[in-house]
Amino acid sequence: MGSITAPVAVPRPDPVTPMPDGRAPRPSTVTLKVTMAVSGTVFALYVLVHMIGNLKVYTGAEHFDDYAHWLRTLAEPLLPYEGALWIFRAVLLLALAAHVGASLVLIVRARRAKGAFRRTGMGWRRVPATLMPYTGLVLLVFIVVHVLDLTTGTRPIAPSGFTAPTQDTSHAYANLVESFQRWPMALFYIAVMLMLALHLVHGLWTLATDFGVTGRRTRQVWALVALVFAVVVMVGDISIPIAVLAGWVS
Ligand code: HEM
């Protein structure tokens, strides 16, 4: 005769995870998710447009420097020199602060809600999803290094020959080439662009859920869009340090 074992009580996480005083958490998880989605969209569009701008490096020094100079003189004389650029910088900084801030609160809430439970059945999508906090942290470090390298020209991160832009001209091409001629820096950029692709593919996929997209077909199409978007940005950006290392851009 088979023995009957008493059912084991499985603790279930509280789906709302109230605060210790019993009130609903503020800001709400929905508000935080929408903040992540909107700020993430700003960043995704930025990296796409930035990558397209970066590809101008293949049109030669003159075009690339003209483009960098144009970014600083955009909307003159309505705005002062670098006025439009500072507006972009402010929007990006705000988006970055909102994205990082909301992600930290959501990570803490998710850990508290999950307890010992782990999500299963995500297939290959588990890899970029699990890595999100780490790829995000790498991107945060990258942004600081990148700005010191090619915008402020702060040594020793920037190349020794870095030349700052003036009101009349830019030296963005020479700065970029000199930076990527240092192979450790070029490899760093290549590695970070792989992280960026992982972050983008999962981040863009999550947008569908955050904005409430339902329907199997639409979600499949969106997953493909996310993958293509991430790969296009990655390949376009990675090609540049490779082209400099190979001597095709010099
Ligand atoms: C291989 C990939 C990349 C290349 C070749 C590249 C190239 C450049 C260059 C040349 C500049 C300076 C432009 C100038 O002085 O006019 C710049 C600035 C900048 N890049 Fe990138 N970039 C890359 C990837 C990225 C990524 C992935 C991000 C965001 C995650 C990013 C964010 C920025 C930011 C925030 C600035 C500063 C803009 C400013 O305030 O002037 N870049 N990049």
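What follows is a short chat about the predicted model above.

Student: What kind of model is this, and how are residues numbered?

Tutor: It is a predicted model, in which local features need pLDDT of at least 70 and side-chain atom pairs count only at pLDDT 80 or more, while totals for chains, interfaces and linings use all residues. Residues are numbered from 1 along each chain as its sequence is written.

Student: How many helices and strands does the protein chain have?

Tutor: Seven helices and zero strands. The order from the N terminus is α-α-α-α-α-α-α. Helices (H or I, at least four residues) and strands (E, at least two) are DSSP runs, numbered from the N terminus.

Student: What share of the residues is buried?

Tutor: Of the 250 residues in the protein chain, 20% are buried. A residue is buried if 20 or more other C-beta atoms lie within 10 Å of its own, exposed if 12 or fewer, and partly exposed in between, with C-beta atoms placed from the backbone.

Student: And what share of contacts joins residues at least 24 apart?

Tutor: 73%, counted among contacts between residues at least 6 apart in sequence. Two residues are in contact if their C-beta atoms, placed from the backbone, lie within 7 Å.

Student: Where does UniProt list transmembrane regions?

Tutor: The unreviewed UniProt entry lists residues 30-49, 86-108, 129-148, 186-209 and 221-249 as "transmembrane region". UniProt positions are given in the numbering used here, feature names are shortened, and annotations may be inferred rather than shown by experiment.

Student: How far apart are the ends of residues 30-49?

Tutor: The end C-alpha atoms of residues 30-49 are 29 Å apart, and that span is 100% helix and 0% strand. For residues 129-148, the end C-alpha atoms lie 29 Å apart, and the span is again 100% helix and 0% strand.

Student: Now helix packing. At what angle do α1 and α3 cross?

Tutor: Roughly 140°, with the axes of helix α1 (residues 29-54) and helix α3 (residues 83-114) coming within 8 Å. That makes α1 oblique to α3. Axes are lines fitted to C-alpha atoms, for helices over the stretch in contact, and angles run from 0 to 180 degrees between N-to-C directions. Angles under 35 degrees count as roughly parallel, over 145 as roughly antiparallel, 65 to 115 as roughly perpendicular and the rest as oblique.

Student: Is the crossing of α1 and α3 left-handed or right-handed?

Tutor: Left-handed. A crossing is left-handed if the near helix is turned anticlockwise from the far one by less than a right angle, and right-handed if clockwise.

Student: Which residues meet there?

Tutor: On the α1 side they include M36, G40, F43 and Y46, and on the α3 side they include L92, A95, H99 and L106. By class, the contact of α1 with α3 has 12 nonpolar, six polar and one charged residues. Ala, Val, Leu, Ile, Met, Phe, Trp, Tyr, Cys and Pro count as nonpolar, Asp, Glu, Lys and Arg as charged, and the others, Gly among them, as polar.

Student: What about α1 and α6?

Tutor: α1 and helix α6 (residues 183-210) pack at about 135°, with their axes 10 Å apart. That makes α1 oblique to α6. The crossing of α1 past α6 is left-handed. Residues making the contact include K33, A37, T41 and V47 of α1 and L196, L200, L207 and D210 of α6. By class there are nine nonpolar, three polar and two charged residues.

Student: Why does T41 count as partly exposed?

Tutor: Because T41 has 16 C-beta neighbours inside 10 Å. T41 sits in helix α1. Its C-alpha atom is 9.8 Å from that of L200, 159 residues away along the chain.

Student: And where is F142?

Tutor: In helix α4 (residues 126-150). F142 is partly exposed, with 18 other C-beta atoms within 10 Å. F142 and Y189 are 47 residues apart in sequence and 8.2 Å apart in space, C-alpha to C-alpha.

Student: Switching to the backbone, which residues does a cis peptide bond join?

Tutor: E76 and P77, with omega about 5°. P77 lies in the loop between α2 (61-73) and α3. The bond from R155 to P156 is cis too, with omega near 10°, and P156 is in the loop between α4 and α5 (172-180).

Student: What is phi of A75?

Tutor: Near 70°, a positive value in a residue other than glycine. A75 is in the loop between α2 and α3 and counts as exposed, with 11 C-beta neighbours inside 10 Å. E82 has a positive phi of about 70° and is not a glycine; E82 is in the loop between α2 and α3.
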